[in-house]
Structure formats: C-alpha cells, structure tokens
Amino acid sequence: MRRRVLRRVVVTGAGAICSLADSVEDLQAALQEGRSGLKPVELFATNGLGPQQAGEVRPFEPRTWLGDRNLRPVDRTARLLLAAAQQALDASGWTPERRKDFEVGLVLGTMYCSIHTISEFDRRNVQLGPSYASPFDFANSVINAAAGQAAIWHHLWGVNSTIAAGEASGLVALTTAADLIRGGRATAVLAGGAEELCHESYLAFHRAGRLGAQRPVPFDARRDGMALGEGAAILVLEEADAAAGRGAAVLAEVLGHGAAFDPTGGEGSARAMERAVRLALEDAGLRPEEIDAVSTGANGSIEEDRREALGIAAALGGHAAAVPVTAVKSMLGEALGASGALQAVAALGTLRDGVLPGIPDLECTDEGFPLPAVSAQSRPVAARRILITASGGGGHCCALVLGQG
Amino acid sequence: MNHRIVVTGLGLVTPIGAGRERVWEGLLAGRCGFSTVESFDTSRHPAHVGAEIKGFQPEPYVRKQDPAKLGRASRLAVAAARMAMEDAGLDPDALDPDRAGVAMGTTSGEPLEVERFDDLLLAGGEGEIGPELATVYPCHTIASHVAREMGTAGPNAMIPTACAAGNYAVAWAYDAIRAGRADLMLAGGADAFSRITYTGFSRLGAIAPDVCRPFDRNRKGMIPGEGAGVLVLERLDRALARGARIYAEVAGYGLSCDAHHMTASHPEGDGPARAMERALADAGLRPEDVSYVSAHGTGTPTNDKLETLAVCRVFGPSPRVPISSVKSMIGHTMGAASAIEAAVCSLAIHTGRIPPTANFLEPDPECALDCVPNEARELAVEVAMNNAYAFGGNNASVLFRRCEAVA
C-alpha cells in the first residue's frame, strides 16, 4: 500500500519553448488544436539525410526572455533552457528578490546537452590547432553545462543536478526533483529537460534508421519512425506547505512516480514499463481506474511504441480499454531529453482545461492494439489525474502521475 | 523508509592498476600512474603527460555483451562493477533484478565516439559515419551497459555532473535505497581518456608538465586521467543477514551549486562550504567528528587554494583533520574521481590507514592543511568526508562512517 509521504510536492509554475510555441499557454492550446510543429529543417544542411523535417524552434529569439545580457558564452541548448526557466520563474512568483533569500534548485534532464558544442570544439582543435579551440566552448562541453549556466544566469544556489536517461531524461529529472523535495533536501526545484536539434545527433539518428519517411503518427499501423524535435520545458516543483505559505497558485500535484529498467536491450521494455506504471500507481496510492488519461512517450517508432503501449496496458489491466490516451510527439517530434517535461507541460493543460490532445492523422492502429481509446482528434476528458510515461532507447522506463492542484 | 545503507563491495580500475587490493596497496605506497600520453598526439600542447590506463582488456568483465559494441568508459565501468560485485561476494544472477539498480556519473560519456565522428567528417567521409553518436556516445549508455551486464531492472540513472559526478551518483543511489525503491545499488563513475578533455584542460592552462602536486607551493596543475570506480551499496539489515563484509556506512551527503562561474571556483569557497555543511547536518555530525577528508585536490593553483579556504570555513582556521588527494597518484579521473575517492574513504575506515598526497615538496601558506605528505598514515578513521567539485559549480560532499552495528 501507499507509503505515507509527509511532504507533498506541487507544481507552482511552468515554462516551455519548442517548435510549436514559445509559451506554456500557446503550447497547450496548439496541442489541443492538433497543430504540428514539424517543418523542413533550416538550422543545418540536411541533404541526403532522410525526411528533413523536424520540430525546430524557429524563429528563436532568446532575448525575448533574456534581455540584453551577453549570450555569447551560452550555447543553443542552454539558451532554450534559460528561456524556459525564465518563464517558469516568472509564472511561479520566484522573483529575483525572493531567490536572494531562499535557495532554488535545478534538476535538468538532457540526452546530449550540446554534442554540437563538443564536436565543434574538437574539430577546431584537430583542423586548426588547440589555440583555436575556445576554453569557453570547453566549459560548455560538459553534459551539466546547461544546468550550470542556468544556475549562474538565474541565481539558483540550491541543489543542481543533471540526469541523462535518453528519451526519458526529462521525466526522470522531474521524479528526481520530486524525491529531493519529499526527502527534505530541497523546498523549491526547477525541473524538466532541454535538448537542441543539431547536425551531429540528426545524422546519427538518420544512420540508425530511426527517422521516419513520413510525419510521425504514434501507434498508427503505418508508422515508420520518429522525427526529431528540440526545446526546453521546466516545471517549478515545490513543497506543498511552502507553496501555500507564500500564497502560490498550485497548477498540479505530483502524486507519485515509478521507474524500472530493461536489462535485455529491447525485448523487456514492455515489462519494464509495466513495472514503472505499477510502481507509480502504488507510490500515488491509486488504483488503475483512478487514472483519467495517459500521455505516452510514443514517437512513431515501430517497436518502441508497441512495447510502451503493451507495458502501460498490462499495468492498467481492464482500465486500459477505456482510458483516453495521447502521444504529443506526433506534433512536437522526439525532443529527446526535453520530451518528458514537454509532456508534463501538456498534461498541466489537460488538467486545467479538461481537454486531451489527439494524435493527428491517426487512422488505424495495429491489430489487437491494447490502448484502444486513442483518437486523432483532441477531446474532452474529466481529467483529475493523468499518467505520463517515457521510455528511453537505453532501457529507462519512467512513469509519473500528476493530479489537479 | 530511512534504511541505513552500507558499502559492501568495491571495484576500481585506475591508472595504477585494477582491483581493490592492488589499487589500495598502490595508493598507500604512493605509486603514481603518470606517463607520456600515447593515445593521441600532444605535440601541439604545452603538456604531454597523462594518467592513461594501459593494456586494459574488457573481455574478462564484459561477458553478456559484445565488448566491441561498448565505448571505453562503459567497458571500464562494467569492469569496475563486476569487480565490486565479486568483492561483495554477490552473484549477479542471484540478485532480485527488480530490487537492484545502477547510478553512475561521468564527465564526458563516450567522447572517443565524437572524436571518430569528427575525424571522419573532416576527412570528407560523412558517408562512412554510422549511428554511433545515437547508439554508443550518449552518456546514459554507461549506466545501461552496467545494468545489462548485471541484469538489474531497478532504478537506473546516469548523472553527468562532470568532476563531482561519482559523488552525485552515490547520493542518488543512497536516496533510492532510503526511499525504499531498491535494496541494492551499484553506484560509481567512469570516464575515458580523450583528446577533447585533454585539449580543454590544456587550453585552460590547467595541466601540470610532469607530476601532480596538490597543496604544494609549486604545484603546476592537474593531470587528466581515466578510470572507473563502483561501490555496492546495500541496506544494512540485508548486508548483515547475508554476513557481508561491511567497509563503511554512508552517513549522509550534501549538494550545492556555486551559481558563480562555469569553470572557476567561487572566490570564497561558498558552494563547497555549503555542501560540506549540508552533508554534516544530514548525517547529524559535527566537523570535529570527521577523522579524514578526501580532497577534491586537483593540484591546480586555484583549486587547492580555494578548497583550503572552504575547508577552513567549515573546520576552522587551522584545521587539524588530515586531508589528502589521491589525484596526486592517479591523476584526475574526471567523473570516476569521486567514486574512486568514495572507495578510498570506505577503505580508510575499514583498514585504519589513510593514503598520502604524493609528490609533496614544499608547504604552501595558502594551503595550510595537514595533507598527509608523501607517507600513508595509520589512523582510526571513524568518519570520512569525500569532497568533489565540478564545472558548472556542482559541489557534492558525501560522508562515510564506521558501521557501528558490526564494529
């Protein structure tokens, strides 16, 4: 049964920037309207690299949030994070004055941070010599660079960590932050994910055969792969009493979470996802029937989508036939480390508006598909509690339950 | 909830050898692992010395996966993990997979894959580039490879918080067991020697020309290295029930962030001091309870001076607690460093001996510490503090203490 958790964790703010929108409200509305952020890539040359469409953030004007300060030492991944974090801090009322007196932490999920920065640093060294490889770029070559830059930029003195779990990074970061608050190690933590689109990762995913020829339609029988995306999404997680004490508006509560790993290298990921969801329900003290909607991490990959659905359905039992299910990567692409946090931002919209985004262009699922309540169109759902799932190519499966605040 | 957690197994792969016994004996003897860099050309750098692991063969350790498909950091990590399990007297196949997990730290993931990518791209061979930056390079593969090798299906995290990552991983694993999410965790760190890392530290002017001399007046810098360290952490009650050898108990930890500069430490040692204070508060200990401190101690002029400042903020103006840096012998093994140093703390408690700071010649008034110069020392270590600091201002202190239940 449920472990009695003394400290509750609530969401008091959010920020998001991705291909579809550069604010939380616009993103939630766009997803509910079924709009796609996928378009031809302009950030780098994609000649010969497959479908050439991705969820690129364009135009990206970081000064909208970051003002006139010198952005040169900060690369694209960090700029995306800084923008989303600024939105989240503004929305939650964690003003610069308040941050002088109270420590705010940051737990960031990312798969690459910036492999583009690392690779360029190395290429300059090899091609031109070490004196052309900038120490500023080296500072950004570490995988915790974006989180470190955000701490400096936004004066976040508290716990600061970076989590890498592939496509599940953002969701694992949220659960890590929630546990830091539950365990009494932090009171307020920015948590989420950030990832940039770049030539290096695009080429690699293309060569791995992971990019589909068509626009991705998760769970559709015709799916043939993902599209890459990028962006950043940050939630402000806060200890419930502290949030109430400062009169903060509560957007949602973190009811529970669970994680499991697939050590088989693929086949076992359905079982790992099943365990992650079961553990999340147990952690939240909920029965499957009490989940009103599911936001999956499905991205259009043939095997990965199938296994994630199987795992979720196994954990939800008979409720799997009825619970409304969505997959927002149909519109955002696979934003890797940012994805789980973007799903969480979308879920905040569903909890508030009672509308679950659809999976645009979904026509026909696989035979015997175990989560039949999927829909191409967005639809009203009385969502008090929403389950968010993510699985990474490395074997990481994670599940998080958000409830109405 | 709030289980006590102990260290029951140690696996180490370092520039002075592999395996708990060999590494510990080497550290106590002051053995150094520095030599001229062989894995790439350093002729355009002012420094040419590194702490590489020579002749490492992954085959004895990587048994369930094809070693050729693992990056070098993963191979080192899997080797350390297997050694740690054997040291703990545990058979991976006999574990409850759902109750066992992995937390690993790293600075760079698998940077050799980026170097291969760049070499191909610069040679005009884009067509020959494979999927490795998606399948081998991403740092989470290190924790994944360890878990696949050991068959663990419980909590799994890769924590790339640079040069403090090993401590972050130990802390994450500690919390996972305390919260009841696992009974046993393999926790540690791994990094591979790379041209990227070497170039970066070279460009920062941070690499010593010959040897690493932490806290010495004439110290010239750090020596980049590589390695892996893994600790088996398990619930005390379970360790006792199976009659395990217990090296030490994890007493608590503290994290902080400088929020000051990406590569330079806070000028007043603010972040490191807060991490130490938080660790002490978490463990319910006072500074005077600490018998030994394993320093971050990179050997750069700035780090050692500011680390001394931070230690003095916590332990008083002339601290008596001995503080040594094994980086003087094995170099800076990056994300592995604080994991290896966590093993050092555990062994100091277990064996009653503390390793020296090697290559020490002349005291520095700005580093007025007892750095255990050149000679290992016998000392009844009740509590050991492991300090680690990283790019991004990520600071982590982990405390270990003698496990009273079996003392």
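In this report a residue is called buried under 20% relative accessible area, exposed over 50% and partly exposed in between, as found with a 1.4 Å probe on protein chains only. The structure is a predicted model, in which local features need pLDDT of at least 70 and side-chain atom pairs count only at pLDDT 80 or more, while totals for chains, interfaces and linings use all residues. Residues are numbered from 1 along each chain as its sequence is written, chains are lettered from A in the order in which they are written, and side-chain values use heavy atoms, without hydrogens and water.

**Salt bridges**

A salt bridge is a side-chain nitrogen of Lys or Arg within 4 Å of a carboxyl oxygen of Asp or Glu. By this rule there are 63 salt bridges over all chains. Three of them are listed here.

| Salt bridge | Closest N and O atoms |
|---|---|
| Asp220(A) and Arg222(A) | 2.8 Å |
| Arg116(B) and Glu113(B) | 2.8 Å |

Asp220(A) is buried because its relative accessible area is 1%, whereas Arg222(A), at 51%, counts as exposed. Arg116(B) is partly exposed at 48% relative accessibility, and Glu113(B) is buried at 10%. These two residues are 3 residues apart in helix α3 (residues 111-122) of chain B, so about one helical turn separates Arg116(B) from Glu113(B). Helices (H or I, at least four residues) and strands (E, at least two) are DSSP runs, numbered from the N terminus. Glu234(B) is buried at 4% relative accessibility, while Arg242(B) is partly exposed at 31%. Elsewhere, salt bridges with shared partners join Glu103(A), Asp270(B), Arg274(B), Arg278(B) and Arg313(B) into one network.

**The interface of chain A and chain B**

Contact means heavy atoms within 4.5 Å. The contact between the chains takes 65 residues from chain A and 68 residues from chain B. Buried area is the accessible area (1.4 Å probe) that two parts lose on being put together, summed over both. Chain A and chain B bury about 5,700 Å² between them, with 60% of it on carbon and sulfur atoms. Phe138(A), Arg185(A) and Phe261(A) supply 12% of the area that chain A buries against chain B, more than any other three residues.

Across this interface the rule finds 10 salt bridges. Arg123(A) forms a salt bridge with Asp118(B), where the closest N and O atoms are 3.1 Å apart. The largest share of the side of chain A that touches chain B, 10 residues, comes from α5(A).

**Cores and helix α2 of chain B**

A nonpolar core is a set of buried Ala, Val, Leu, Ile, Met, Phe, Trp, Tyr and Cys residues joined through side-chain atoms within 4.5 Å. The largest nonpolar core has 229 residues, and those with the most contacts inside it are Leu27(A), Leu237(A), Leu402(A), Leu233(B) and Phe400(B). Helix α2(B) gives the most to this core, with 10 residues. A second, separate core of 33 residues includes Ala260(A), Phe369(A), Leu371(A) and Val374(A).

Of the 16 residues of α2(B), 13 are buried. The expected span of a helix is 1.5 Å times one less than its number of residues. For α2(B) (residues 72-87) this gives 22 Å, which agrees with the 22 Å between its end C-alpha atoms. Gly89(B), which follows α2(B), has a positive phi near 70 degrees.

**Ser324 of chain B**

Ser324(B) lies in strand β11 (residues 323-324) of chain B. At 0% relative accessibility, Ser324(B) is buried. Not counting residues up to four places away in sequence, Ser324(B) touches several residues, including Pro355(B), Thr357(B) and Cys371(B).
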